[in-house]
Amino acid sequence: QVQLVESGGGSVQAGGSLRLSCAASGYTYSRYHCMGWFRQAPGKERVGVAVIAPDGTTTYADSVKGRFTISQDKAKNTLYLQMNSLKSEDAAMYYCAARISISWCGLTAAGFGYWGQGTQVTVSS
C-alpha cells in the first residue's frame, strides 16, 4: 500500500518554529518524484507552499519565501518542511503530496496524485 503520513504539527507562538515530516511508504518515493507541501485553512482553498523536484530544485510560495525550507532524505523516504518565523496566517492543515514525474514540478495541487491526511499547525499571536 502506498501512503504518505505527515507529522510534526502543533501549536506555536508567532515567531516560533516547527518542522513537519512526511514519511512515504511503498514505492512512492523515488528519484523521479516531485514532492510538495500544501496547506488549507478553514473556509479557504488548498494552496501550494513549497515543492522540491527530483533534481533538488525548490520552489516556494511568495508568502513563505525566506521563512520555510523544504528538503528531503531519499534514503529514509522522508520529506521535511522547516518553518521559521511563523505568522498567524500560516495556521492551517498542512498536506504532503507526491507526483510521479520528471517533466513538471510546481505549486499546483491538481498536478499531484498522492496525498497524506494532513497535520495541523496552529499559530497564536
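Which pattern do the disulfides of the protein follow, with bonded cysteines counted along the chain? I get 1-3, 2-4. For me a disulfide is a pair of cysteine sulfur atoms within 2.5 Å.

**Ground rules.** I'm working with a predicted model, where local features need pLDDT of at least 70, side-chain atom pairs count only at pLDDT 80 or more, and totals for chains, interfaces and linings use all residues. Residues are numbered from 1 along each chain as its sequence is written, and side-chain values use heavy atoms, with hydrogens and water left out.

**Entry: the elements.** I looked up the secondary structure and found zero helices and eleven strands. Here helices (H or I, at least four residues) and strands (E, at least two) are DSSP runs, numbered from the N terminus. The radius of gyration is 13 Å, close to the 14 Å that the globule rule gives for 125 residues, so the protein is as compact as a globular protein of that length. That radius is taken over C-alpha atoms, and the rule is 2.2 Å times the number of residues to the power 0.38. Along the principal axes, the C-alpha atoms fill a box of roughly 40 × 25 × 25 Å.

Entry: I checked burial next: 42% of the 125 residues count as buried. Buried means under 20% relative accessible area, exposed over 50%, and partly exposed in between (1.4 Å probe, protein chains only).

Entry: C22 is buried at 1% relative accessible area, and C96 is buried at 0%.

**Entry: another disulfide.** C34 and C105 are bonded too, with sulfur atoms 1.9 Å apart. C34 belongs to strand β4 (residues 33–40) while C105 is in the loop between β9 and β10 (114–115), so the pair ties together parts that are 71 residues apart in sequence. Here the torsion about the S-S bond is about 75°, so the disulfide is right-handed. C34 counts as buried at 0% relative accessibility, but C105 is partly exposed at 22%.

**Last check.** I searched the whole structure, and the tally is two disulfides.
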